[in-house]
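Hello,

Here is the structure I promised to pass on to you.

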Amino acid sequence: MKSKKLIIGYAIAVFVLVLIITFNAVCSIKQFDVRFATGSADASLSAEKIQERLNVYLDKSYLFFQKDNVYGIVDSVCEEDGTYLKVTSVEKNFPNRITVYVEEEYEQFAFYSESENKYYVTDKDGKILAVKDSAASNLVGGADNLTVRGFTYPGAEVGDTIASDQSEMFALLLTLLADADEMLGGARGRFTEVEYISRNGFDFFCFHMTEGLEIWLVDVNNSASHAEECFVAALQKYTELSDAEKTYGYLQPVYVESAGGVGPVQHYSGTYRP
């Protein structure tokens, strides 16, 4: 009787072992379906490297594969190559396929720190991607990142959201850039740089358009100036100018309190300096 029980136990153990081996064979990873959305040459090379490193896990256990492995590989490759890629999702498709979505974080703004002589390069949402010596973009053939001057950025580090000591004026600028992004189909490529100037108790913004025209907002620290309304009116005027008119002069919109709105925006020749 005892011998019979041992035989049955042995048979069960063998059956379970065969089942595990068979299950692992069927459920081992056979494919990494990695889908990349990249725009720069460097990021494309990083994408190839990520695919190669993930392939090391082929034929390994599907069940025990951890999604954190993907995030770790992407972070490691980006650190090595100086590129900006982020994993948007990792999907385990039973029984043996893993789908990974990765996209590039694109440079857009270069916030210049005069005290450090450095540029804090960010994406469109203000995430600091890198600290550089120039405003040059990492996109092949693309325009330089939009340079912002006149602010200070205490304690700013890669990975942070950019913030400034001049918080109120900085928040206003970000609002204006969002307006430009919506009205012009993107701020980057439309402006070469934006200056914040504080002089004699007044604050100014100067937007340098790519073609050469400037937009000046005066006394922006005064709520009565209605800076955002003035800026929107100036952008509308800009869209109405001819290609030749956009190459010179400046716009200086003014809010007319008695009229309850922005007065007609004039296109002035020459230059303006506060």
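Predicted model: local features only at pLDDT ≥ 70, side-chain atom pairs only at ≥ 80, totals over all residues.

Where does serine 164 sit? You will find serine 164 in the loop that runs between strand 7 (146–149) and helix 4 (167–184). Its side chain makes a polar contact with the side chain of glutamine 166, at 2.6 Å. A polar atom of the serine 164 side chain also lies 2.9 Å from the backbone oxygen of threonine 152. Setting aside neighbours within four places in sequence, serine 164 is in contact with Phe151, Thr152, Tyr153, Pro154 and Phe170.

**Helix 4**

Phe170 is also one of the buried residues of helix 4.

What covers the buried residues of helix 4? The cover includes strand 4 (109–113), strand 7, strand 8 (191–199), strand 9 (202–209), strand 10 (214–218) and helix 5 (227–240). Helix 4 lies across strands 4, 7, 8, 9 and 10, and runs at about 30° to strand 9. With 18 residues, helix 4 reaches 25 Å from its first C-alpha to its last, close to the 26 Å expected at 1.5 Å a residue. Just after helix 4 comes glycine 185, with a positive phi of about 75°.

One thing to look at on screen is the handedness here: strand 7, helix 4 and strand 8 make a left-handed β-α-β unit. Strands 7 and 8 run parallel and are joined by 3 bridges, and valine 148 stands opposite valine 194 in strand 8.

Strand 8 then pairs with strand 9 in the antiparallel sense, over 8 bridges. Across this pairing, glutamate 193 stands opposite histidine 208 in strand 9. The two strands form a hairpin with 2 residues between them. In that turn, asparagine 200 has a positive phi of about 55°.

In what order do the strands of the open sheet lie? There are 9 strands in the order 6-5-4-7-8-9-10-11-14, and the pairing is mixed. Strand 6 (128–132) and strand 14 (267–268) are the edge strands, each pairing on one side only. Strand 6 pairs with strand 5 (residues 118–122) in the antiparallel sense over 4 bridges, and there tyrosine 119 stands opposite lysine 132 in strand 6.

Helix 5 lies across strand 8, strand 9, strand 10 and strand 11 (250–251). Its direction is at about 160° to that of strand 10.

**The chain**

Stepping back, the chain has 5 helices and 14 strands. Of its 274 residues, 39% are buried. Among contacts between residues at least 6 apart in sequence, 52% join residues at least 24 apart.

Have a look when you get the chance, and do write back with your thoughts.

Best wishes

Methods:
Residues numbered from 1 in each chain as written. Heavy atoms only, no water. Polar contact = N/O pair within 3.5 Å; in protein donor to acceptor, adjacent residues only side chain to side chain. Contact = heavy atoms within 4.5 Å. Expected span 1.5 Å × (residues − 1). Buried < 20%, exposed > 50% of the residue type's maximum accessible area, 1.4 Å probe, protein only. Pairing = 2+ DSSP bridges. Right-handed = clockwise from strand over helix to strand, strands pointing away. Axes fitted to C-alpha atoms, helices over the stretch in contact; angles between N-to-C directions.
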